[in-house]
Each structure stands twice: as structure tokens, then as C-alpha cells.
Amino acid sequence: MWLRSASFVLDKRLQQQEPSSFFHDPRDSAQPPPPSPSVDPMDQNPDPNPNHGISAYYQTRAEHHAVVSSDWLAQAQAAIGRGAAPPSGCWPSAAASSAVAARTGSVGGGGGKPFSVIDEFNYWRKKPDLAEAVAAIMALAAVIRSSEATTMMELEIELKKASDTLKSWDTTSISLSAGCDLFMRYVTRTSALEYEDFDAAKLRLIERGEKFGEISLKARRTIAMLGQDFIFDSCTILVHGFSRVVFEVLKLAASNRKLFRVLCTEGRPDRTGLRFSNELAALGVPVKLLIDSAVAYSMDEVDMVFVGADGVVESGGIINMMGTYQIALVAHSMNKPVYVAAESYKFARLYPLDQKDLAPALRPIDFGVPIPSGVEVETSARDYTPPQYLTLLFTDLGVLTPSVVSDELIQLYL
Amino acid sequence: MPDVQALVNDFVLKLKRRKIEGSHASARHTAELLRSVISQQRMPHTNQAGALIDAVKAVGEQLIAANPVELAVGNIVRRVLHIIREEDLSSTATAIEGLGLSAGSDDDDEGQHVDHPALSAAALAAAARSTLRAPSLQTLLEDIPRSAVTPQPPSSGGDSEGKSKSDKNLRSRKLKHDVIEAINELIQDIDTCHEQVSEQAVEHIHQNEVILTFGRSRTVKEFLCAAKEKNRSFRVFVAEGAPRYQGHVLAKELVGKGIQTTVITDSAVFAMISRVNMVIVGAHAIMANGGVIAPVGINMVALAAQRHAVPFVVVAGSHKLCPLYPHNPEVLLNDLKSPSDLLDFGEFSDCMDFGSHGGSPLLHVVNPAFDYVPPKLVSLFITDTGGHNPSYVYRLIADYYSADDLVVKRRSTS
């Protein structure tokens with residue numbers, strides 16, 4: 001089983017060398033740990049070459065949400081070896097060693113400076129409740145705090161550099177780049193106000209940056225409250241993927257003593273369904289697990305579909321875990337409403353026209369048996385759902401129809 | 001205020017007993033009632049807008065609870081609240097510009113602190129205006145300058161106190177006056193909505209067209225008559241609209257104006273729809289997602305129209321525009337009327353006898369008053385502001401309503 005094997009760890013390393021057989025003694029194949037301070041071209045940019053098989057974004061989510069068992073930890077630890085730093089250095093097993101790794105492994109953010117935006121970002125990212133975009137904002141706020149610039153222009157340039165570094169850490173994460181863009185947008189708008197005092201302006205920016213972290217958690221609560229009315233007694237909800245926002249909605253509904261039932265898709269290959277059903281069962285909500293293929297079979301008894309989003313694009317569509325498009329199509333053909341719960345900082349200035357328009361985010365899939373060499377595997381981790389299949393979006397700006405999203409974006413960016 | 005309270009109680013009673021029929025009458029009465037409430041309201045020295053808002057909310061809560069299905073009542077209450085906020089904002093903005101920047105921090109109902117000297121009044125007013133609009137991406141991080149900025153020296157504060165007090169009295173009277181004027185405009189809009197909608201009739205009805213309508217809507221009647229007066233020749237199919245058979249009344253009125261009319265039963269709509277160029281119906285309420293609450297049977301007509309690709313046009317005054325989203329509209333926003341409309345008690349008294357069969361009769365009669373038409377079935381909304389797409393409805397709502405007023409509940413702390 002994928003989760004119980006260290007093959008996930010191995011995959012990463014193997015792809016750095018050359019494709020070899022699946023099960024491999026980690027100690028034999030382990031590269032010499034990249035020497036920390038000296039330049040390893042991979043470490044300069046913590047997300048290594050684009051041919052890398054795994055999107056770091058999904059790696060994080062796996063860390064936060066995968067079912068982690070103790071011998072998995074042991075294996076992962078053994079696979080890493082002591083002191084060696086995988087480029088994006090954070091394994092839940094060894095917080096201490098990963099902290100060390102993070103510090104030594106990342107040279108990004110302007111070489112030689114004691115403050116590294118990537119450090120800060122990694123620090124924030126480890127909190128499981130905090131979204132990635134928010135972590136990026138906090139990191140950027142920290143950049144302002146520690147900046148030695150004396151004019152707005154300088155500050156803007158520094159921020160732009162930091163933002164680019166963060167974005168390049170994972171080129172596939174939409175909410176990350178959307179969050180960075182949002183923050184940059186605010187910086188450029190602030191400088192339009194006539195602040196005579198640069199320090200005052202700086203303070204304001206820091207304030208805002210820190211406020212954003214609270215906004216993230218508040219956003220989830222707002223969304224949870226907005227979603228309450230739509231969950232009526234004895235309804236059946238289908239969920240896909242483990243979205244913390246959707247979980248918040250359901251948690252609040254359960255605590256308001258609403259009686260409802262949840263159907264959870266298995267969510268291969270991340271097995272998000274297992275984790276989600278664990279959490280829901282802990283709340284006392286009746287849960288039923290479905291394999292991904294059983295969605296159409298069960299769509300009859302479903303009253304509504306609830307999903308989160310990795311990003312909301314300009315057309316009003318969403319980018320979410322692979323399988324969302326399929327579910328939305330089935331729901332639409334059976335006239336079931338599809339509700340999306342997404343915070344507003346996930347609105348991105350993208351306009352994908354079809355599935356391949358997205359930056360690819362790949363995830364290795366373990367089928368349990370070795371795949372013959374000539375067979376390709378579709379490893380993309382996410383898909384795009386066009387707006388006509390979505391009914392409503394619950395955001396911290398209120399309940400919106402998909403057509404409102406582009407309006408909001410125009411208002412902001414114009 | 002016993003005078004006003006008596007009026008309120010009277011109106012509440014009428015609403016509960018369903019003595020007031022139709023959204024036009026309800027809207028008008030509500031507006032007039034709120035006007036009396038406001039004119040009788042005693043204004044405190046500080047925070048007049050807050051006091052007005054509280055008073056209106058208190059009355060509004062009662063009115064909405066009396067007849068939750070009559071959405072026009074809630075709409076007008078929210079319109080009035082929005083008017084109060086707007087008038088207060090514009091008067092504050094002009095007052096600030098008038099006083100220079102020395103006004104004290106009395107205006108904390110909007111949470112403004114005018115204590116940063118470098119901020120121009122224009123910027124502040126702009127920021128304040130943005131707080132009134134629905135929260136959007138650009139206002140997400142926008143925060144009116146707070147204590148991060150150095151506060152005003154107290155001496156100038158004392159001077160401004162005296163000045164601002166006299167201004168306060170002036171402003172309080174002005175505020176009431178402005179609000180009442182705006183409400184008068186609102187009442188006028190409600191009265192003239194039919195004319196405004198009918199003006200657009202000529203653009204939509206062309207020569208030799210066949211139009212289908214359902215039941216009797218006053219707005220539709222005036223719409224068609226206006227087109228007739230402009231010498232368009234067209235024919236009308238009127239579906240009789242069981243069980244009230246108001247379609248018969250409409251047919252008679254149309255013939256009186258010289259329009260060629262055909263009366264059909266509701267069941268014949270599907271049969272006749274292929275001969276029709278356009279369907280025009282009225283609505284009871286338009287919801288925030290573009291869905292329509294309409295007299296029962298119109299959902300069927302909408303489906304028939306979609307099946308045969310016939311444009312489905314809804315005409316309604318803007319007082320019918322409701323900022324709520326319909327979750328479960330078939331249940332929550334429906335009125336079940338008396339079964340005597342359908343079946344004569346005389347003939348069926350033994351079937352519907354609660355005395356026999358152990359207290360639960362075998363025959364039930366259900367007579368719902370309303371239908372919900374989802375937004376995707378509607379081609380066009382014609383309101384007194386013009387013709388709009390269902391996906392544009394959110395914009396109209398943002399113009400007429402404030403986000404804070406969606407739940408009309410008097411808060412114990414202001």
C-alpha cells in the first residue's frame with residue numbers, strides 16, 4: 001500500500017537520478033546529502049527542476065492530511081537518513097531536523113541574507129490550519145517588517161522579488177500565486193495614497209499582512225455560516241476531496257444539530273475520503289464511503305454536492321482535486337446543485353479554456369503492482385470545472401454566482 | 001410613539017391575515033409605514049444613523065415575521081436601511097470636507113477615525129464609500145486608518161467639539177430630512193414601476209408576434225397594452241391559471257384594448273408553445289441568484305419554453321428584487337392556500353372528513369401558491385431599470401441593498 005511504503009520517498013529521489021525499479025534499498029540509492037551551504041543548483045530553488053514528478057503543493061497536503069502511521073514515519077525517516085535535507089525539507093516526523101533542514105537547505109530569497117522568505121514561509125506553512133496563500137502573505141509581511149528599504153519603490157521591488165521566489169517554490173500552486181498577487185496588488189495600491197511618512201506606510205502594510213492571517217480563519221467561519229442555510233434536515237451531501245473549508249461548514253452544521261448524511265468519495269490517490277470520513281465520524285455525522293466510480297450510481301440519493309477549491313479562475317470555474325469535474329458533470333446532468341466553498345484570496349487571474357490549459361501538477365499513483373514499462377500513467381492531480389456546472393460559490397465576500405467572480409477580479413485589478 | 005406602534009400593529013395584523021394582496025400593495029404600505037416610523041423617531045445627539053437603523057430594524061423584524069412569504073416587505077425594509085446608511089455616509093462626507101479635518105471621533109458608526117492629517121478628505125470619503133458596498137476583494141484588506149497613526153492632539157479636539165455639536169443638530173435634522181425624501185422617491189418608484197417597465201415594451205414586442213402569458217399580472221397587462229398603443233400588431237395566448245382563473249380576467253381586459261386573444265388551459269401550454277414567439281410573465285419575487293418565485297404553474301411554462309427554445313421573459317418592478325438566496329424555495333417560500341379553490345366541500349365532505357378513518361382522511365388537497373423557476377430557464381428580466389440577464393441580478397442587488405442588512409435582526413449592542 002502506497003502509504004505504508006517508503007516508495008513515495010523513494011520516488012522523489014529516483015526521479016532525481018534515473019528511473020529504476022520500484023522497490024529499492026534506500027540506503028543504497030540515497031544520494032550523498034546535498035552539501036548545505038555550498039551551491040546545489042536544486043537547493044537554490046527549493047522546488048527542484050520542473051521535471052520533478054511531484055508538485056510540492058500536494059506534497060504538503062499529503063503531509064497534513066495523509067493517514068500517517070508510526071511505521072510509515074519510521075520508514076520515511078530511515079529513507080531520508082540523518083541530516084540529509086530533501087529540498088523542500090518538511091517531514092512531519094522530524095520537526096527538529098526539518099527545521100534544521102529548512103534553514104540549511106534553502107538559500108533562496110537573496111543569498112547571504114540572514115532572513116529568508118522561504119524560511120518564513122515554511123514556518124507558517126507547517127501549521128495545518130493555515131492555508132498556503134495565507135502563509136505566503138505572512139511571509140511577505142515578514143519581508144516588509146525586516147526590510148531596510150527607505151522608499152516605497154524600494155520596498156515594492158523587494159516584495160516583488162520575494163513574491164517571485166515564493167511563487168517559484170511551487171509553480172503549480174494556484175492559491176499561492178493568487179495570494180502573492182493579492183498582496184502585491186495591495187502594496188501598489190497603498191502607494192497611491194498620499195502617505196508622507198514612509199514608516200507609517202510600512203506599519204500599515206505590516207498590519208494588513210498580519211490581519212490577513214486572521215482573515216483566513218475568519219473567512220472559513222464566515223463561509224461556514226453562509227453555508228448553514230443551504231443544509232436542511234435529512235439532506236444527503238456528497239463531498240469530494242478534503243477541503244478544510246467544507247469541513248468547517250459541515251462541522252458547524254453538525255454542531256447546530258442539523259440532521260444530514262454525507263457521502264464521501266474515496267479520493268484516490270490521496271485517500272482524502274478516508275481522512276474526511278474519520279473526521280466526520282468523530283463529529284457523529286453519518287458517513288458513507290464511495291469509490292470514485294460509484295458517484296453516478298449514488299447521485300440519485302444526493303441532494304447537493306459540496307467541494308472546496310484550489311483556485312477560482314476568472315470565468316467563475318474552479319480548479320480542484322482530480323475528479324471534481326466528473327462529479328460536477330454528473331450532478332449537472334441530474335440537476336443536483338454543486339456548491340463550492342472557497343475563500344476570496346483564491347481568486348486567480350487565470351482563464352483556462354480546457355483541461356490542458358493549466359500548469360501541470362503531477363502526483364505519482366501507486367497501483368499496488370508494478371506497471372509494465374510501456375504503459376503511461378495519467379498523473380495529473382487536478383482538473384478544471386467550467387462555471388456552467390457550478391451553482392453557487394460560498395466565499396467570505398458572500399454567496400456568489402459564478403458570474404460574479406470575474407466582476408470582482410476586474411474591480412480589483414483595474 | 002404609541003401612534004406609530006398602533007400603525008405597526010395594524011399592519012402586522014393585516015399581513016398575518018393575508019388581507020394585503022400583492023407585492024405592490026405590500027411594498028407601498030411598508031414604505032409608508034417606515035416613513036412614519038422615521039419621522040416620529042427621536043434623534044439622539046450622536047449616532048443618529050444608528051438609532052434610525054435600530055428603529056427600522058425593530059419594526060422590520062415584526063413585519064417580516066408576520067408574513068415571511070411576502071418578500072416585498074423585507075425588500076422594502078432593507079431598501080430603507082440602505083437608504084439610511086447611504087444618506088448618512090454622503091452627509092458625513094460633505095461634513096468632513098466642510099469642517100476640514102478637525103472633526104472629532106463622533107462618527108464611529110462607520111468606524112471612521114479622522115485622525116490622520118495626511119489623508120485627504122476625498123480619500124477618506126472614498127474609503128468610507130467602499131465600506132458601504134458589499135465586501136469585495138479590494139476592500140478585503142482595506143481598513144480605515146486606526147491607532148497605528150498618531151492621534152489628534154487633544155487641544156484641537158476640544159475646539160472641534162463645540163463646532164461639531166452645532167453641526168450635529170444641523171446634520172441630524174438634515175439626515176432625517178434626506179432619508180424621508182429618499183423614501184418618498186422610493187414610494188414614487190414603486191408607484192411608477194409599471195409605466196417604466198411598459199416603456200420598454202416596444203423594443204421587445206415586434207410586428208405579428210405571438211406572445212404567451214400565464215394567469216394575470218398587472219405588469220404584463222400594462223406591458224402588452226403599451227405595445228398595442230404603439231400600434232404593434234400581435235396576438236396573445238393567455239393560459240387561464242388555475243385555480244384562480246385570473247387568466248380569464250386578463251383576457252377580457254386585453255380584448256377591451258383591442259388585442260387579439262386566445263384562452264387556453266394550463267395543460268395546453270405544452271401543446272401550444274411551439275406556435276409562440278415569446279413568453280412574458282410576471283413574478284412574485286426575483287431572488288439573488290436570478291431565480292424567480294412566480295405563481296404556481298409558471299415553472300411548467302418555463303420548462304416548455306426551454307424545450308422549444310422560446311425566450312422566457314420575466315417583467316417585474318425593482319421592489320420585487322430580493323437579496324436572499326433561495327435554499328429550499330419550494331418549501332420555505334411557498335404558501336399553501338385553501339383547498340376550497342380546487343374542490344367543492346359539498347361534494348367531497350365525506351372524503352375529507354377528519355372524523356372518519358381514525359382522524360386522518362384519505363383525500364388530501366394541496367394548493368400551493370408559488371413556484372420556483374431556476375435562473376437557467378429565464379432569458380431576460382425586464383425591470384424599471386432596463387433589461388438584464390439573470391446573471392446580472394447580483395449587481396442590481398449590490399446597488400439597492402447593503403450586505404449588513406441581509407438578516408434583519410435588531411442587535412442588542414449597536
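Guide: One term before we start: helices and strands here are DSSP runs, numbered from the N terminus. Also, this is a predicted model.
Visitor: OK. Where does Pro243(B) lie?
Guide: In chain B, in the loop between strand 2 (234-239) and helix 10 (246-256). A cis peptide bond joins Pro243(B) to Ala242(B), with omega at about -5°.
Visitor: And in chain A, which residues does a cis peptide bond join?
Guide: Arg268(A) and Pro269(A), with omega about -5°. Pro269(A) sits in the loop between strand 2 (260-265) and helix 13 (272-283) of chain A.
Visitor: Back to chain B. What is phi of Tyr245(B)?
Guide: Near 55°, which is a positive value in a residue other than glycine. Tyr245(B) is in the loop between strand 2 and helix 10 of chain B.
Visitor: Why does Tyr245(B) count as partly exposed?
Guide: Because its relative accessible area is 37%, and partly exposed covers the range between under 20% for buried and over 50% for exposed.
Visitor: What about Asn231(B), is that buried or exposed?
Guide: Asn231(B) is exposed, because its relative accessible area is 64%. Its phi is positive too, near 65°, and Asn231(B) is not a glycine. You will find Asn231(B) in the loop between helix 9 (218-229) and strand 2 of chain B.
Visitor: How many residues of the lining are nonpolar, polar and charged?
Guide: The lining of the second largest pocket has 24 nonpolar, 13 polar and 4 charged residues.
Visitor: Last one. Which residues form a nonpolar patch on the surface?
Guide: Phe367(A), Val369(A), Ile371(A), Val375(A) and Val377(A) do, and together they have about 400 Å² of accessible area.
Visitor: Where is Val377(A)?
Guide: Val377(A) is in the loop between strand 7 and strand 8 (382-385) of chain A. Val377(A) counts as partly exposed because its relative accessibility is 31%.

Terms used
Residues numbered from 1 in each chain as written. Chains lettered and ligands numbered in written order. Predicted model: local features only at pLDDT ≥ 70, side-chain atom pairs only at ≥ 80, totals over all residues. Heavy atoms only, no water. Nonpolar A, V, L, I, M, F, W, Y, C, P; charged D, E, K, R; others polar. Patch = residues over 30% accessible without salt bridge, like charges linked within 9 Å, V, L, I, M, F, W, Y side chains within 5 Å. Areas by Shrake-Rupley, 256 points an atom, 1.4 Å probe, with all protein chains shown as cover. Salt bridge = Lys/Arg side-chain N within 4 Å of Asp/Glu carboxyl O. Helix = DSSP H or I, 4+ residues; strand = E, 2+ residues; numbered from the N terminus. Buried < 20%, exposed > 50% of the residue type's maximum accessible area, 1.4 Å probe, protein only.
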